[in-house]
Amino acid sequence: VKYRVIEIEKDREVMERQAYPSDLSEAEWEILEPLLSPARADVRPRKYEMREIINAVRYLQRSGCSWRMLPHDFPPYRAVFYYFSLWRRDGTWERIHDAIYRQLRVKLGREEEASAGSIDSQSVKTTEKGG
């Protein structure tokens, strides 16, 4: 498998690394980038690229490794976990899911929002313990 080389800025120095299969493609990044909150002007600049943070989260999800076992060519695991937790709390992950879901529905020729839902239930007999 041939991977593209990714340039990342780490501590003001451009590094290169081979891409992992879980890395975002250009098309995926074009969809996700506008859904992330922009960097605030009133605080210090971000140290890590948001694309690399998402690449690290995708690597973790795909590989099943623990946070501390994140490869060293990604941002430090504490930074990745910080953004993962922040985005979980502020609803970023849910906004990303909802936006992609709506785009998929439109691509399939449906309305953006579902107009009906269906719930299925199943009864399961349990064993009764006699007294």
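Contact, in my notes, means heavy atoms within 4.5 Å. By that rule, residues 24 or more positions apart make up 48% of the protein's contacts with a separation of 6 or more.

Ground rules: I'm looking at a predicted model, where local features need pLDDT of at least 70, side-chain atom pairs count only at pLDDT 80 or more, and totals for chains, interfaces and linings use all residues. Residues are numbered from 1 along each chain as its sequence is written, and side-chain values use heavy atoms, leaving out hydrogens and water.

Entry 1, the layout. I found four helices and two strands, running β-β-α-α-α-α from the N terminus. Helices (H or I, at least four residues) and strands (E, at least two) are DSSP runs, numbered from the N terminus.

After α4 I noted Gly109, with a positive phi near 85°.

The axes (lines fitted to C-alpha atoms over the stretch in contact) of α3 (residues 77-90) and α4 (residues 92-107) come within 5 Å and cross at roughly 70°. The two helices are therefore roughly perpendicular, a label for angles of 65 to 115 degrees. On the α3 side I listed Phe84, Trp87, Arg88 and Asp90, which meet Thr92, Trp93 and Arg95 in α4.

Notes: Axes are lines fitted to C-alpha atoms, for helices over the stretch in contact, and angles run from 0 to 180 degrees between N-to-C directions. Angles under 35 degrees count as roughly parallel, over 145 as roughly antiparallel, 65 to 115 as roughly perpendicular and the rest as oblique.
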